[in-house]
Amino acid sequence: MKLIFALIALVVLFGCGKEPDTIRFGIMPSLDAIPMLVAEERGYFEAHGVSVELQPFYSAADRDAAFIAGELDGIIGDLVALGLYREGGLDVQATGATTGEFILLGNSTTGLKGQSIIISYNTATEMVLDLMLKAAGLRTGDITQVEVAAIPARLEMVREGQADSLLIPEPFATVGESAGLHRIATSSGMGFNPFITLFKTEAILEKEEQLRAFFAAYDQAVDYLNNTPQSEYIDSVIERTGFPEELQGILVLPVFSHNALPEPSDVQLAMEWLSQQGLISQQLGFDELISPISFP
């Protein structure tokens, strides 16, 4: 996350020069991007009277750089990133929880003690792994942590036996399971959801009506996804999100939720972890981290 802190210091030097009424939103190839893509494809944004520019990123570092430089109003992120952004001086707030999940996959299900587990340091994956270890009565010293940033590389290493387990989000966990890896634990199984949408506070205040329309279209897309046979849209979803082709025929989407603020307990848990890790200097409260305006 050093890139985040370095770039934040440069934000004031750049101007966007963009059309103010357009919502510019950064997405990654993840499950929680699907409602946005469906809302765009089916014309829901347009029907609700809002101009939305979805900008795809395949690297979290590239997405963060664009967000910090002022090229985006908001992004799909997580609670750990929210705390790190605020620590770095970027005024952002959570606008809703999204539908996602981290899954721990391994070559066996014999237990975590003594295993080598692939994660990415100072991220939500490291936090979720710490929670999983705690639930299993273990400590960080009981395993070997291996840092690998790229998800495809993590999968390949475990497939080839270079590590025992890895923690990844869906839909990539489905790819791992199709290759013979075993599901060990999930973030949802622990009752924790770190996935959120977050916007710059300036955008929340200046584009309130546009954001209301944005999330109304999002909720309409959620209704479509939850009430339409998956066969009618899954091919388009896989193509537009950039999911691996091997997901054709095996990906099962979750029940998506309407936009709602993240649970206060999840926010507190993330901030406590960041503080314990020495990644933030002060632990911000729920009201400081959450949008003052509720959407929709």
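Select helix α2 (residues 34-41) and helix α11 (residues 234-241) to begin. In this contact, I34, L37, V38, E40 and E41 of α2 meet S236, V237, R240 and T241 of α11, contact meaning heavy atoms within 4.5 Å. By class, four of these residues are nonpolar, two polar and three charged; Ala, Val, Leu, Ile, Met, Phe, Trp, Tyr, Cys and Pro count as nonpolar, Asp, Glu, Lys and Arg as charged, and the others, Gly among them, as polar. The two axes come within 10 Å and cross at roughly 110°, and α2 and α11 are therefore roughly perpendicular to each other, a term for angles of 65 to 115 degrees. Axes are lines fitted to C-alpha atoms, for helices over the stretch in contact, with angles from 0 to 180 degrees between N-to-C directions. Helices (H or I, at least four residues) and strands (E, at least two) are DSSP runs, numbered from the N terminus.

The model is predicted: local features need pLDDT of at least 70 and side-chain atom pairs pLDDT 80 or more, whereas totals for chains, interfaces and linings use all residues. Residues are numbered from 1 along each chain as its sequence is written, and side-chain values use heavy atoms, without hydrogens and water.

Next, display the open sheet of five strands in the order β2-β1-β3-β10-β4, whose pairing is mixed; strands pair if DSSP finds at least two bridges between them. β2 (52-56) and β4 (92-97) stand at the edges with a single partner strand each, so one side of each has no neighbour in the sheet. The twist averages 35° from one strand to the next. Select β4 and β10 (residues 195-200), which pair in the antiparallel sense over five bridges; the bridge partner of G96 is T197 in β10. Two helices lie across β3, β4 and β10: α4, at about 135° to β3, and α5, at about 165° to β4.

Move to the other open sheet, with the order β7-β6-β8-β5-β9 and mixed pairing. Here β7 (144-147) and β9 (182-186) are the edge strands. Strand β6 (residues 116-119) runs parallel to β7, joined by four bridges, and I118 has V146 as its bridge partner in β7. Helix α7 (residues 151-159) lies across β6, β7 and β8, at about 150° to β8.

Finally, which residues are the closest to the centre of the largest pocket? Select M28, A60, R63, A149 and R154, from a lining of 41 residues. That lining divides into 24 nonpolar, nine polar and eight charged residues. A pocket is an open set of points on a 1 Å grid over the protein atoms alone, where a 1.4 Å probe fits, with protein on both sides within 12 Å along at least five of seven lines; lining residues have an atom within 4 Å of a point.

How values were computed
Angles under 35 degrees count as roughly parallel, over 145 as roughly antiparallel, 65 to 115 as roughly perpendicular and the rest as oblique.
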